[in-house]
Amino acid sequence: MTTQQLRPIVSVFPIKGKVKTIKQVPLPSVFSAPIRPDVVRFVHTNMAKNNRQAHAVSTTAGEQTSATSWGTGRAVARIPRVKGSGTGRSGQAAFGNMCRGGRMYAPKKVWRKWHRKINTNQKRYAVCSAIAATAVTPLVMSRGHRVNKLPELPLVVSDQLQSLTKTRQAVKFLKFIGAYRDVEKVIRTKKTRVGQGKYRNRRHVLRKGPMVVYARNLGIKKAFRNIPGVETASVYTLNLLKLAPGSQMGRFIIWTESAFKLLEDIYGSWEKPSKFKSGFYLPRPVMVNTDVERIIKSDQVQTVLRNRRPRSRKYGKKIQRADPYEDMSVMVKLNPYYKTKLQNQKELEEKNKKERKEIVDKSRKEYEDWLYFSEEEEEEEVEGSDEDREIEVLSDEN
Amino acid sequence: MSKQVPETIKKQVKRSFNSKEVKKEKNEKRMKLLKEIQSKAFKRAEKYEKEYLEQDQKLVELKQKALKEGSFYREPEPKLAFIIRIRGIVGVPPKPRKILQLLRLRRIYSGVFIRLNKSSLRMLHFIDPYVTWGYPDVETVRALIYKRGHARVNHQRKIIDSNEMIYDKLQKYDIVCMEDLVHEIYTVGKNFKHANSFLWAFKLKPPVGGFSTVKKSFVNKGEHGNREQYINTLVKKMI
């Protein structure tokens, strides 16, 4: 992974004096492990079951009677009833889970499976995720820790912290570094437990404060022991239940310098395996670059995409259109020759009309002429005799 | 206060296929194309008018010639038929049902054009009782396509709104306008298949004045079967 080659630098702070960088160390690879809340939740829910103590209901509870059912015909329910007489108990229902003084449904047994096995690699994956989350300020803040006044997150502090012996010194250190606000929160919100745990030796409920992780215990454990909310842990044995309490990632951790450096050896990297966990490499993320939006908008992707298909507005809506035989504009749009055609037809009609008119006029005139002339002829011919004509005709035939 | 536009957005706008310049260019191209189409449409319509006129005149000439010579002129057999389904979908036996489906006559009063050849005549023989068909003339073809012509576009039935629609689909068959389409259908040209499949089956109205009896064939004073040129009058009543 390229992230490993350029590892960011983290400042180391002193435990007193002035809050300024006294040294700089590279960020161990664990902090770039994939942050997987789903893995952490799964491992946490199962791991949390492992400190349970068996409990059960007495095996004889509710069974210590010799009750028998009265059977049918007695106008009572058929549940087994306590034998005998002379006491209020006689004739009462017994044995059933619905009965007063009866045995419960499915009495709890001690051989219930109380503990859960979790694959070692899953456990390690969860721890890596949880450690990585402790460096992510928004996650730490969302868990509820007061980390506004811290100089840096992850908070690494000089190894002198491991040699503290007095609680007073520890508190002074926390105030100096700006972590005491988180402790104050814990003190302020200490409450009596809600529920029956309060009279089962679990009277008070405390928030979780900062966790101090050390490499060597030279008194640090005892120094921080009595401060409410603060927990200490050796870097070799980091517990998921403490790193992600309630399976919520982002515990506020104060690292000592040597503990911080040891993380690289304990959890390894993607190239080098862990020195303490045999064969263990840091988990690989499924996606190297999770900024999907940026990938899509990048030049490399955008230049290779095909054109966006245009919203074909042409054929999108239902097109309404008038009847072309009624609406001329629609007709002309479909057939631009139509107007010309009509004109031509009109002209042709007129031409034909004209011609016809001429012919008709001509023939009418001829007829009138004939009529006129025939009238004149008739007057002349009246003078001649019909007989003459007939004879003429006969002579022609001959 | 100057607005800082993120670079990704600037790049996006530049790359955008919907930007103003791109739109303008596209629009100009389209307008140019439309003009071309309309001018082609005009010229071709003119050409076809002449063609139809010539055809009619030729027919008359040949008939007259034959009469003069004392022989007969046998007119060419019709190439085009228009079929209208006149019976509903209830109780149709499987073979006619399948043929009606193949011909896209899936509902009553739907009509399609079909080219006449031995195969299609055989098909028509099977579906005679369910359809009436005949030989449409130019005006009938024109009226159908103009008034009731819908195109099959993207598996959808869209009314033929403009010549652009025809150009988009049938340009490769040299059919760019309505008159081209009419001509291709009426004269059963080389690309009749494509022109015909471009058209959705015609949805006609029940005839004004009604049918006499669909159960009898046209020849027997009914309505179904071949009614040759009388299809034209029927279509006028149903369009």
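This report describes a predicted model with chains A and B, from chain A as a whole to selected residue pairs.

## Chain A overall

Chain A contains 15 helices and 10 strands. It has 398 residues, and 34% of them count as buried. Among contacts between residues at least 6 apart in sequence, 62% join residues at least 24 apart. The accessible surface of chain A comes to about 26,800 Å², and carbon and sulfur atoms account for 50% of that area.

A:Val292 sits in helix H10, residues 292-297 of chain A. Its relative accessibility is 41%, so A:Val292 counts as partly exposed.

## The annotated coiled-coil region

An unreviewed UniProt entry annotates residues 338-365 of chain A as "coiled-coil region". In the model, this stretch is 100% helix and 0% strand. The C-alpha atoms at its ends are 40 Å apart.

## Aromatic pairs

Over all chains, the structure holds 16 aromatic pairs. One of them joins A:Tyr236 and A:Phe276 in an edge-to-face arrangement, with 5.4 Å centre to centre and 65° between the planes. The two residues are 40 residues apart, and both lie in loops: A:Tyr236 between strand E9 (231-234) and helix H8 (240-243), A:Phe276 between helix H9 (257-267) and H10. A:Tyr236 is partly exposed, with a relative accessible area of 40%. A:Phe276 is also partly exposed, at 48%.

In chain B, B:Tyr52 and B:Tyr186 form another edge-to-face pair, at 5.6 Å centre to centre and 85° between the planes. This pair links helix H2 (residues 20-69), which holds B:Tyr52, to helix H7 (residues 178-186), which holds B:Tyr186; the residues are 134 apart in the chain. B:Tyr52 is buried, with a relative accessible area of 7%, whereas B:Tyr186 is partly exposed at 22%.

Ring pairs also connect A:Phe31, A:Trp255 and A:Phe260 into a cluster.

## Salt bridges within chain A

A total of 24 salt bridges is found over all chains. In one of these, A:Glu257 pairs with A:Lys23, and the closest N and O atoms are 2.6 Å apart. The bridge spans 234 residues of the chain, from A:Glu257 in helix H9 to A:Lys23 in strand E2 (residues 23-26). A:Glu257 is buried, with a relative accessible area of 10%. A:Lys23 is partly exposed, at 37%.

A:Lys275 forms a salt bridge with A:Asp265, with 3.2 Å between the closest N and O atoms. These residues are 10 apart: A:Lys275 is in the loop between H9 and H10, and A:Asp265 is in helix H9. A:Lys275 is exposed, with a relative accessible area of 65%, while A:Asp265 is partly exposed at 27%.

## A link between the chains

Which residue of chain B forms a salt bridge with A:Lys341? The partner is B:Glu49, and the closest N and O atoms are 3.4 Å apart. The pair crosses from helix H14 (residues 338-383) of chain A to helix H2 of chain B. A:Lys341 has a relative accessible area of 9%, so it counts as buried. Both residues belong to a network of salt bridges that also includes B:Glu139, B:Arg142 and B:Glu179.

## A buried residue in chain B

B:Asn232 lies in helix H9 of chain B, residues 231-238. It is buried, with a relative accessible area of 9%. Leaving aside residues up to four places away in sequence, B:Asn232 touches B:Tyr135, B:Pro136, B:Asp137 and B:Thr140.

Technical notes
Residues numbered from 1 in each chain as written. Chains lettered and ligands numbered in written order. Predicted model: local features only at pLDDT ≥ 70, side-chain atom pairs only at ≥ 80, totals over all residues. Heavy atoms only, no water. Helix = DSSP H or I, 4+ residues; strand = E, 2+ residues; numbered from the N terminus. Buried < 20%, exposed > 50% of the residue type's maximum accessible area, 1.4 Å probe, protein only. Contact = heavy atoms within 4.5 Å. Areas by Shrake-Rupley, 256 points an atom, 1.4 Å probe, with all protein chains shown as cover. UniProt positions renumbered as here; feature names shortened; annotations may be inferred. Phe/Tyr/Trp six-rings, centres within 6.5 Å; stacked < 30°, edge-to-face > 60°. Salt bridge = Lys/Arg side-chain N within 4 Å of Asp/Glu carboxyl O.
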